[in-house]
Amino acid sequence: MIDEIIFEDVGLSFGGREIFKSVSLKIKAGRVIGIVGQNGAGKSTFLKLAAKIIQPDTGEIKIHDEKFLSRAEILHRIAAVTPEMKIYDDLTAEENLNFFSRLRGKILTAEKIFELGGRVGLDFEIFGRERVKNFSTGMRQRLKFLILLSVDAEILLLDEPTANLDDAGKKIFLAEIKNAAQSGKTVLLATNDKLDAEACDEIIKLPII
Amino acid sequence: MKLSNSRLFEQGAAIFRKDFLIGLRRRASFAAMAMFALTSLAALSLATRGEILEPKILAALLWVVIFFAASAGISGTFDDEETAGTLSTLKLYAAPQAVLFGKMFFTFASLAALIIFLLPIFLVLFDCGVEEIFLLVTTIFFGAVGISSAGTLTAALTTSATVKGGLFPILLFPVTLPIFLPAIRLTEFAFAGGECGAEFLILMAIYDAILITAASILYDYLD
Amino acid sequence: MLKFLVALTAAIIAAIIFFVPPVKGLGDLAKIIFFHVPTAWVSVIAFFTSAFYAAKFLRTGEFSCDELSAKAARLGFIFVLLATISGAIFSKLTWGTFWNWDPRQTTIFVLILIYGAYLTLRAAVSAEKIRAKVSAVYSLLSVLTVPFLVFILPRMYFSLHPEPVLNSAGRPEMDAEILIALIAAVIDATLIFWWLMRKK
């Protein structure tokens, strides 16, 4: 199980603009780590750096379980809900869920799908066979979150996960996120939402230069 | 721990199935390929109406139609997902090699379907007989393998381009030329009979193998 | 370096015009061969140089390598155009047509297509990091075609092109003056390419 993500002197610039400059910090598993900061402060970029999805210009990011892991070794242990990551409009909710969980080697039974759906408030009896293109933004968000839960990843990247949700939905999500952290996962939550930030065990405020 | 080969294969197979399902539902790229083939066949056939064309010319025409029809269909392999925003999700959940090979097999399957659709129409419209069916099928197989492996990598390259019009065939053509030239020659033999040309088949097979290996190595750098 | 190159080039041009005997029965204009061979040579060298730096970029991620790769391709494109035009003129003088898809004409034309495709790709991708990666990958992919175009084509088609300078017997088939002038011109062109590569 991944226990620590270490930033060592990390620097990154985008199109000539410096976003991070010699950032050194440690992120521990088992806690919900909130990433806050204004628009453009680099919240989404921070998440991608932390999971080695993008490489820093300088410095290094180390991910540790029993030893330090390479990028290829952790890729299949990450799951994410971010605004830029979309799901397939032309597939049904069930097909989307089955596709992504199968990519991670998980085959879900009908009961499991139903149970997972119940946890995020998405009724698969009604919506399972419907193509995602007919879904509202909130429903898509629930399905994306459901996919994240189904693959049982160790690093969870959450970028504004509760956007477009009603208050009841937000509460369900945050409870699940806390749950995941308590089971030992590494949870990064980028947000500008007050309710989200209150749910975090620790806050990292950007920019950190 | 890296993914095992069997897991990579599972991922690739899942991607292939997903692309196939979406392809059937959206039909846009299948339709574009088929209609492109039909349009260009009709144009060529009308333009040469009444002429009796030599096997050499016929072979060249066939491969030109295959190339451009394939371009019309394959260029969107990654673009469609990029536009829909699903590519980053796919890349997060699946290993790069699985994405590449899943897409490559799908491209090959669509290309095979295209040729099965196109070839009979071609033979009828140009009143072209085939002496060596086995040679023709083998040639087309090796040709399609080469076009789909080079085409899949090229499609990944053009995805990040901001100006896309016409870029895909421009990039693909020089790279597939070593397949094209022997393929046209072999097809000519297949139409006219005579010499067998086994050495050209071997060359095509070798070049295919090189293209697949190169695509696999180079794709990792694009990540 | 510049002064040296100017002097060397001037000396070679003078030697070709005044001392080298006219190519057998083709007249003075056929001396364009002394321009054609070196430019064709450099366009191939530039192609491999570009691929070399592309590989180096992918390995190290240093953007200076990407710039050198692009620069070699831009220079190569100019040289390949010059080689093609001068080759077509020479072809007209010797074989009576500007173009006949002789294997080497095909190879050089493919080189134009590859250079053109590479530069178009660079122009079409705006993000700097992605452009560097994508064009390096294409550069290496296109290098794969070279052995095939060099080995397949001559087997498939009959060539009008003269034998390589050193034929299979290992003995040069042309006059010593012509050979020396040709080699000097090739070296000069390579030096010019090298100088242009280093120039900021």
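Colleague: Helix 8 of chain B passes helix 9 of chain B in a left-handed crossing. What makes a crossing left-handed?

Modeller: The near helix is turned anticlockwise from the far one by less than a right angle; clockwise would be right-handed. A word on conventions: this is a predicted model, where local features need pLDDT of at least 70 and side-chain atom pairs pLDDT 80 or more, while totals for chains, interfaces and linings use all residues. Residues are numbered from 1 along each chain as its sequence is written, chains are lettered from A and ligands numbered from 1 in the order written, and side-chain values use heavy atoms, without hydrogens and water.

Colleague: How do you know how helix 8 and helix 9 of chain B are oriented to each other?

Modeller: Helix 8 (residues 167-192) and helix 9 (residues 198-222) of chain B cross at roughly 155 degrees, with axes that come within 10 Å. Angles run from 0 to 180 degrees between N-to-C directions, and axes are lines fitted to C-alpha atoms, for helices over the stretch in contact. Under 35 degrees counts as roughly parallel, over 145 as roughly antiparallel, 65 to 115 as roughly perpendicular and the rest as oblique. The two helices are therefore roughly antiparallel. Their contact (heavy atoms within 4.5 Å) includes B:L186 and B:F189 of helix 8 and B:F200 and B:L201 of helix 9 of chain B. By class, that contact has 12 nonpolar, no polar and 2 charged residues.

Colleague: Why is helix 1 of chain B called oblique to helix 6 of chain B?

Modeller: Helix 1 (residues 5-26) and helix 6 (residues 96-125) of chain B pack at about 45 degrees, with axes 8 Å apart. That angle makes helix 1 of chain B oblique to helix 6 of chain B. Among the residues in this contact are B:F16 of helix 1 and B:F106 of helix 6 of chain B. They divide into 9 nonpolar, 3 polar and 3 charged. The crossing here is right-handed.

Colleague: On to chain A. How do you know that strand 1 and strand 2 of chain A pair?

Modeller: Pairing takes at least two bridges found by DSSP, and strand 1 (residues 4-14) and strand 2 (residues 17-28) of chain A have 8, in the antiparallel sense. One of the links sets A:L12 against its bridge partner A:F20. The two strands form a hairpin with 2 residues between them, and A:G15 in the turn has a positive phi of about 50 degrees. Strand 1 of chain A also runs antiparallel to strand 4 (residues 58-64) of chain A, joined by 6 bridges, and A:I5 stands opposite A:I63.

Colleague: What makes strand 6 and strand 9 of chain A edge strands?

Modeller: Chain A has an open sheet of 5 strands with parallel pairing, in the order 6-7-8-3-9. Strand 6 (78-81) and strand 9 (202-205) of chain A each have a single partner strand, so one side of each is left without a neighbour in the sheet. The twist averages 20 degrees from one strand to the next. Strand 9 of chain A pairs with strand 3 (residues 32-36) of chain A over 4 bridges, with A:I33 partnered by A:E202.

Colleague: How much area do chain A and chain B bury between them?

Modeller: About 2500 Å², 61% of it on carbon and sulfur atoms. Buried area is the accessible area (1.4 Å probe) that two parts lose on being put together, summed over both. In chain A, A:Y88, A:D90 and A:L103 lose the most area to chain B, together 25% of what that side buries. The contact takes 29 residues from chain A and 28 from chain B.

Terms used. Ala, Val, Leu, Ile, Met, Phe, Trp, Tyr, Cys and Pro count as nonpolar, Asp, Glu, Lys and Arg as charged, and the others, Gly among them, as polar.
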